[in-house]
Amino acid sequence: MEKTRETLKIVVVGHVDHGKSTLIGRLLYDTNSLPEGTVERVKRISKEKGKTFEYAYLLDAFEEEQRQGITIDITQLQFHTEKRDYVIIDAPGHKEFLKNMISGAASAEAALLLVDANEGVKEQSRRHGYILSLLGIQKVYVIVNKMDLVDYSMTRFNQIRNEMNEFLNNLGVYPLKYIPTSAFLGENIARSSKKMPWYDEEPILKAIDLFEKDKEISDKPLRFPIQDVYKFDDRRIIVGRIESGQLKIGDEILISPSNKTTRVKGIEYWSEKDKTDKVSAGMSVGITVEDEFFNNRGELISHKKDTPLTGMFFRANLFWLGKKDLVKNKKYKLKLTTQEVECEILSINKVIDASTLETFEDASAVKINDVAEVTIKTKEMISFDEYKNNQNTGRFVIVDRFDVSGGGIIVAADNKELSNVIQLEDYLKNFTKCFNMDISWKGKYGLRVIADVAANGTEKPVTKNDISQRQNIPDVHLEEILFRFVNAGLIKYIDGPQKGYILGKDSENIIIADIMQVFDENLSIINENSIESNIRGKVEDCLLVNVWKKINESINTMLDSITLKDLVQEYNNSNDRQLIC
């Protein structure tokens with residue numbers, strides 16, 4: 001039986017003027033991958049038009065032959081080496097390429113990024129590098145082309161390599177090789193160039209054979225989205241399509257995001273010839289499990305040792321096709337494998353015009369045909385993978401009302417979220433220990449004193465002795481508190497037959513914040529010094545805000561709305577006529 005040849009999909013990213021078409025044409029020519037007669041036909045047409053033959057014309061002719069009168073927005077060009085077959089994914093523009101890559105119409109495992117040796121690293125080169133970052137392509141060679149225009153200078157090559165490396169590394173792209181070439185003259189394409197003896201590594205066609213192909217989808221971790229659960233006689237059969245990995249009877253499995261574990265009891269079949277104890281990626285199957293769980297459509301089955309990500313927040317790169325702009329805080333539907341859940345755009349981190357690759361920070365909306373870096377929040381917990389690890393469970397679509405309006409790939413679970421709810425609960429328990437009014441004895445006793453005077457001094461003045469007995473406040477403290485309140489005008493001392501204290505004019509509607517200012521109190525509801533730094537950071541991450549600032553702002557807003565009248569009401573409702581503070 002003849003062994004199936006390995007195929008690697010590759011994309012050539014670069015400006016047309018940097019020699020992209022020439023390079024692709026040369027690769028096709030040097031591997032004898034062009035249709036018979038193409039080279040002769042192009043040479044004849046070039047001569048008739050008085051033009052010099054160029055390898056770029058071969059690509060134009062090949063693509064025209066592929067089109068055969070129909071409109072396409074992506075072309076797949078094939079060539080081969082001794083090791084494997086290659087498919088070059090090519091598109092007439094950035095918009096078409098990004099749309100097809102993100103939506104899944106095409107997918108590249110590796111990339112060649114072209115830079116013009118004469119022009120150097122310009123804005124256009126940086127934008128093309130950004131495309132690779134956007135799509136999460138890790139296997140990258142940078143081709144420094146048109147070396148003939150700089151006299152095959154090693155110094156110029158090293159200068160471009162250093163500059164490009166610094167830029168790409170900041171994007172999380174780490175090129176495996178930098179290859180100096182002249183595609184027009186065939187230098188370092190199929191054979192090593194004698195004009196660049198200082199370069200002692202492989203030419204392009206040998207170097208690309210060094211790309212390690214991604215694992216076969218069946219060799220990746222198990223991902224089995226539940227499509228439905230059928231009740232059949234006494235069995236509950238879980239059905240769906242295995243997106244990656246393998247599954248066999250007896251395997252211990254995890255069902256996410258509900259976090260239930262069980263074992264595969266059986267693999268169902270219609271007829272005896274279909275009976276098997278093992279299934280793999282691409283197969284639509286039905287299984288039974290040992291434990292009777294209530295399983296939902298959209299849950300994801302995996303092995304316990306290689307689990308998917310689970311959470312409600314993730315960062316994604318998204319291509320928008322909707323007629324209406326994609327905006328924040330609007331409800332959309334997200335579909336990922338068999339999961340369907342309400343979602344919203346938490347933040348639009350960056351927008352890229354897919355035609356020009358111009359970028360816009362802090363945009364308020366994403367327009368049709370734009371690409372955006374966004375953070376998405378789902379209404380419920382979902383399970384997923386980063387696109388670079390598993391394309392099938394790392395790709396999603398967004399539905400606006402009834403229309404599929406965008407497609408995206410998941411870059412990462414958002415690091416501002418702790419997806420494990422149990423962990424979050426533990427952190428919040430520690431977090432609540434940090435709550436206190438941070439009020440000294442003056443503040444605490446002061447609130448009791450003024451509430452006592454307000455509640456009991458309406459018909460006759462209250463004496464210091466009355467307050468002391470009711471509130472159990474030592475005399476030494478009580479004298480200072482009364483002195484401060486009288487000076488502030490919040491209470492008045494009445495001298496005469498009925499000596500004592502009554503409430504000052506208009507004091508009934510005074511707010512707590514103003515009362516506390518009499519004692520120079522800090523009204524922070526959080527004592528930050530009592531918080532362990534790791535707890536503080538984790539809680540802030542969970543809640544996506546500066547917790548301390550937001551809570552203090554909220555509490556102080558609330559305190560600003562609480563009046564003395566409210567305190568008196570609480571005082572009168574208490575059993576022992578004391579405020580708990």
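View 1. Thr181 is buried, at a relative accessible area of 0% (buried: under 20% relative accessible area, with a 1.4 Å probe and protein chains only). Beyond residues up to four places away in sequence, Thr181 touches, among others, Ile143, Lys146, Glu187, Met196 and Ile204 (contact: heavy atoms within 4.5 Å). The model is predicted, with local features requiring pLDDT of at least 70 and side-chain atom pairs pLDDT 80 or more, while totals for chains, interfaces and linings use all residues. Residues are numbered from 1 along each chain as its sequence is written, and side-chain values use heavy atoms, without hydrogens and water.

**View 2. The nonpolar cores.** The largest nonpolar core comprises 56 residues, with Leu112, Ile204 and Ile208 making the most contacts inside it (core: buried Ala, Val, Leu, Ile, Met, Phe, Trp, Tyr and Cys joined through side-chain atoms within 4.5 Å). Strand β4 (residues 110-116) is the greatest contributor to this core, supplying 6 residues.

**View 3. The open antiparallel sheet.** In the order β7-β15-β11-β12-β14-β9-β8, 7 strands form an open sheet with antiparallel pairing (pairing: at least two DSSP bridges between two strands). β7 (224-225) and β8 (228-232) each have a single partner strand, so one side of each edge strand lacks a neighbour in the sheet.

**View 4. Pairing of β11 with β12.** Strands β11 (residues 252-256) and β12 (residues 260-267) run antiparallel and are joined by 4 bridges. Ile255 has Lys260 of β12 as its bridge partner.

How values were computed. Buried means under 20% relative accessible area, exposed over 50%, partly exposed in between (1.4 Å probe, protein chains only). Helices (H or I, at least four residues) and strands (E, at least two) are DSSP runs, numbered from the N terminus.
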